[in-house]
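Colleague: I have a few questions about how the terms are applied here. Can we go through them one at a time?

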Amino acid sequence: MIDFFKKLFGKNKVDYKALVENGAQIIDVRTPAEFSNGSIRNSKNIPLQELATEMKKLDLKKPIITCCASGMRSASAKMIFEQNGFSAYNGGNWKSLENKLKG
């Protein structure tokens, strides 16, 4: 039962740095304007509303880490990716994810 709540509320600890070191793709689902004001190095900007068409260009074999401004859009993107066969993780706020990748 505890595992259910951990999955539901995201309490499982994810090593984002290790994921990236092993080839994970970082997908920032903010708008292009938001992305241009700052982003994680080597991340790819695919706005949430464009995921359906743009995800076909991504490598299905590599995990996806989603991020956005607050974590809401990235949570939606994670579910969309998973529904389409990707292994996906919600990195939440891009700046917070960037800090986790440094540490």
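Modeller: Start with pairing: two strands pair if DSSP finds at least two bridges between them. Keep in mind that this is a predicted model.

Colleague: What makes the four strands a sheet, and in which order do they lie?

Modeller: The order is E2-E1-E3-E4, the sheet is open, and the pairing is parallel. Take E1, residues 25-28, and E2: two bridges join them. The cut-off is at least two, so E1 and E2 pair. E1 and E3 are joined by four bridges, and they also run parallel.

Colleague: Which residues are the bridge partners of isoleucine 27?

Modeller: In E2 the partner is lysine 44. In E3 the partner is threonine 66.

Colleague: Why are E2 and E4 called edge strands?

Modeller: Strand E2 (44-45) and strand E4 (88-93) each pair on one side only.

Colleague: What packs on the sheet?

Modeller: H5 does, touching E1, E3 and E4. The direction of H5 makes about 155° with that of E3. Helix H6, residues 94-102, packs there too and touches E1, E3 and E4. For H6 the angle is about 110°, taken against the direction of E4.

Colleague: How many helices and strands does the protein chain have, and what pattern do they follow?

Modeller: There are six helices and four strands. Along the sequence the pattern reads α-α-β-α-β-α-β-α-β-α.

Colleague: Which way do the E1 residues point?

Modeller: Gln25 and Ile27 point one way from E1, Ile26 and Asp28 the other way. All of these are buried. Over the protein chain, buried residues make up 34% of the 103 residues.

Colleague: Which residues make up the largest nonpolar core?

Modeller: The core has 12 residues, among them Ile27, Val29, Met55, Phe81 and Phe86. Strand E3 (64-68) and helix H5 (72-83) each supply at least two of the core residues. There is also a second, separate core of 10 residues, including Ala24, Ile26, Ile65 and Leu101. As a general point, nonpolar side chains in soluble globular proteins tend to be buried together.

Colleague: What does methionine 55 touch?

Modeller: Leaving out residues up to four places away in sequence, methionine 55 touches Ile80, Phe81, Asn84 and Phe86.

Colleague: Why is the pair of phenylalanine 81 and phenylalanine 86 called edge-to-face?

Modeller: The ring centres are 5.2 Å apart, and the planes make 75°. A search of the whole structure finds one aromatic pair. Phenylalanine 81 has a relative accessible area of 0%, so it is buried. Phenylalanine 86, at 7%, counts as buried.

Colleague: How do you know that arginine 30 and aspartate 28 form a salt bridge?

Modeller: Their side chains meet at 2.7 Å, N to O. The cut-off is 4 Å, so the pair qualifies. Arginine 30 and aspartate 28 are buried. The whole structure has five salt bridges.

Colleague: What makes arginine 73 and glutamate 34 a link between distant parts of the chain?

Modeller: They are 39 residues apart, with arginine 73 in helix H5 and glutamate 34 in helix H3, residues 32-36. Their salt bridge spans 2.9 Å, N to O. Arginine 73 has a relative accessible area of 27%, so it is partly exposed. Glutamate 34 is partly exposed as well, at 27%.

Note on methods:
Residues numbered from 1 in each chain as written. Predicted model: local features only at pLDDT ≥ 70, side-chain atom pairs only at ≥ 80, totals over all residues. Heavy atoms only, no water. Core = buried A, V, L, I, M, F, W, Y, C linked by side-chain atoms within 4.5 Å. Buried < 20%, exposed > 50% of the residue type's maximum accessible area, 1.4 Å probe, protein only. Contact = heavy atoms within 4.5 Å. Axes fitted to C-alpha atoms, helices over the stretch in contact; angles between N-to-C directions. Phe/Tyr/Trp six-rings, centres within 6.5 Å; stacked < 30°, edge-to-face > 60°.
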